[in-house]
Amino acid sequence: MKTLAKDERLDILLTLKATVREHNCKLTREIVELVDREADLLVRDTKPSALMGLKKRIATLFLQYCKTPLFNPEAAKHIKVPQDPSVLRTNVYYCRSCCQYLPSTDFELSTKSCVIGHCRQCKELDNKARAREDYTLYCAMLKTIRKTEENYQDDSHIIFIIQESDLRYLIENIWAGQSAVSGEKDLFELILVRWNITEHWSPWNCVLLTTDEARAHVKLDDPEKAYSSQFTEKIRQRHILARNYFTQIPGMMEEMSTKVKELPLPRPKERIIVVRQHPQEQQQQLAVDSN
């Protein structure tokens, strides 16, 4: 209240002094000292502008006095951090994401949880920032390929090991998300069919084509003769990339190891090893031959 008369201000200071004197501590002694100083300056008719700093110090200390539960028990209801250390040890946990100590109500704890995870706010923030991946299209494409392979009835089983995420990597990273023939990028029109019809479907025996191109491709007996050499070399390079990546899957590794055992091993070539002689040994050999 800035519009108080000098007598009213002195009356308030005396009331404050009598209130804080009930508790003898460093904070109350400092308030009493400042109150006496302001009262002395008021009696000497000091300008109000010169007392602004002193009034702010008194107001700040009195606010601290009101916030202390020892002097004002009602303040304990509005304090977020409990004053009892034992309460802090039992109901407060550390969030490793935001690096803050928070009450147990800020964490999602279940009856089977053994480790305190992230707080609710960090989980909500992570949920908003995480990218969403939709595998609906790849799931439908995978079902179509599996149904097509079942119609061959030749025990093709690698396609049943492939998951939606694997199929997405095969289409986007190996085949660049487009038809190998026409470059069509509409995934709703593309399908992975066998490159060589006589062999089982696998990531290294498939080609990404449109539905019309796939119908014409499955009628070919030998695709390497039907297509140009440059095109078949490009397909072969894609198959090598797919083979190197999908060997990390255990089922794929077993399939490849059985195929490697069935292949005939090449016969090693004979090597001629030439041993160079020392110059002295060459002179002795020439002397013996001349004799």
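Residues count as buried under 20% relative accessible area, as exposed over 50%, and as partly exposed in between (1.4 Å probe, protein chains only). The model is predicted, so that local features need pLDDT of at least 70 and side-chain atom pairs count only at pLDDT 80 or more, while totals for chains, interfaces and linings use all residues. Residues are numbered from 1 along each chain as its sequence is written, and side-chain values use heavy atoms, with hydrogens and water left out.

**Aromatic pairs**

- A search of the whole structure finds 10 aromatic pairs, where rings of Phe, Tyr and Trp (its six-membered ring) pair if their centres lie within 6.5 Å, and where planes under 30 degrees apart count as stacked, over 60 as edge-to-face and the rest as tilted.
- One of them joins Tyr93 and Phe107 edge-to-face, at 6.1 Å centre to centre and with 80° between the planes.
- This pair links distant parts of the chain, 14 residues apart, with Tyr93 in strand S1 (residues 92-95) and Phe107 in the loop between strand S2 (100-103) and helix H5 (120-129); helices (H or I, at least four residues) and strands (E, at least two) are DSSP runs, numbered from the N terminus.
- Tyr93 is partly exposed because its relative accessibility is 29%, whereas Phe107, at 3%, counts as buried.
- Tyr169 and Tyr245 form a stacked pair, with 3.8 Å centre to centre and 15° between the planes.
- Here too distant parts of the chain are linked, since Tyr169 lies in helix H7 (residues 164-174) and Tyr245 in helix H10 (residues 229-246), 76 residues apart.
- Tyr169 is partly exposed, with a relative accessible area of 27%, and Tyr245 is likewise partly exposed at 27%.

**Cluster and charge over a ring**

- Phe62, Tyr65 and Phe71 belong to one aromatic cluster.
- The charged end of Arg194 sits over the ring of Tyr152, 3.9 Å from its centre; the criterion is that NZ of Lys or CZ of Arg is within 6 Å of the ring centre and within 35 degrees of the ring normal.

**Largest pocket**

- The largest pocket has a volume of about 620 Å³, a volume being the space filled by probe spheres set on grid points that are joined across faces, edges and corners.
- On a 1 Å grid over the protein atoms alone, a pocket is an open set of points with protein on both sides within 12 Å along at least five of seven lines, and lining residues have an atom within 4 Å of a point.
- Of the 21 lining residues, Met1, Lys2, Leu4, Arg9 and Lys55 are the closest to the centre of the largest pocket.
- Helix H1 (6-20) and helix H3 (52-67) each supply at least two residues of this lining, and the largest share, 6 residues, comes from H3.
- By class, the lining has 13 nonpolar, 2 polar and 6 charged residues, with Ala, Val, Leu, Ile, Met, Phe, Trp, Tyr, Cys and Pro counted as nonpolar, Asp, Glu, Lys and Arg as charged, and the others, Gly among them, as polar.

Conventions: 1 Å grid on protein atoms, 1.4 Å probe; cavity = no way out; pocket = protein on both sides within 12 Å on 5 of 7 lines; lining within 4 Å.
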